[in-house]
Amino acid sequence: MIPEQTASFHVYPLGDAAIVVEFGTAISEDVHKKVRAFAAYLEKNRFPGMIEYVPAFTTVTLFYDPWMVSKLGKLDAYQEIVHTIQQIENKVEEIELPEARLVEIPVYYGDEFGPDLAFVAEHAHLTIPEIIDIHSGAEYLVYMIGFAPGFPYLGGMDTRIAAPRRSSPRRVIPAGSVGIAGNQTGIYPLETPGGWQLIGRTLVSLFDPQRQPPVLLQAGDKVRFVPISKAEYAAYKSHP
């Protein structure tokens, strides 16, 4: 039996055709860099039987074809994958990640585009202008993309403006809605249901299947929200 714990990560099965590689149990920039480095290595060094990988906050889930993998050596498919992952551990540590890209997102805060802005302000015992200043004054790290195509989970929000999810989720949230849930903020790329507190909206398209790549933001990007007026929002809508 090959050990499933190393100095860098812990692995465990997810069904009979996937394995989870865990780099830590807490969300942090250090763990995030390890996740990105591992994903970057897999992207450039695919092996027979590998189907796809899915990076998350602290893990990378690797999906594989058990039949193809079992032909690589004398071990069963799962143990063969564990062995393969352990062999690349040192190589992953040598991966140099590109410098973070900064993406500015123009946002109109409040009114019909941010129906929960007043609630967030009341919950935080702050004024609406203070909420906008705090939210737009930070630089956020894209930890992962999930929930819906292009939905960025952003870290780095000031805890002063943290707010609970809505007790009753909305059935429809317009694309571009900017929300807060707990200590996180994010942007809905598509019209979907959701329970985050909505504080504003952007007309920047986060997901376009006709674009290459279709997703605007990637894990590792930095995001800054830029407050705009209603007139600027209308002008952007006319000339995106």
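## Terms and model

Helices (H or I, at least four residues) and strands (E, at least two) are DSSP runs, numbered from the N terminus. The model is a predicted one, in which local features need pLDDT of at least 70 and side-chain atom pairs count only at pLDDT 80 or more, while totals for chains, interfaces and linings use all residues. Residues are numbered from 1 along each chain as its sequence is written, and side-chain values use heavy atoms, with hydrogens and water left out.

## The annotated span

According to UniProt, in an unreviewed entry, residues 9-217 carry the feature "domain: Carboxyltransferase"; such positions follow the numbering used here, feature names are shortened, and annotations may be inferred rather than shown by experiment. Residues 9-217 are 26% helix and 29% strand, and their end C-alpha atoms lie 26 Å apart.

## The barrel

Seven strands close into a barrel in the order 5-12-9-10-7-6-13, with mixed pairing, where two strands pair if DSSP finds at least two bridges between them. Strand 9 and strand 12 run antiparallel and are joined by four bridges, and isoleucine 180 stands opposite glutamine 197 in strand 12.

## Helix 5

Histidine 125, whose phi is positive, near 60 degrees, follows helix 5.
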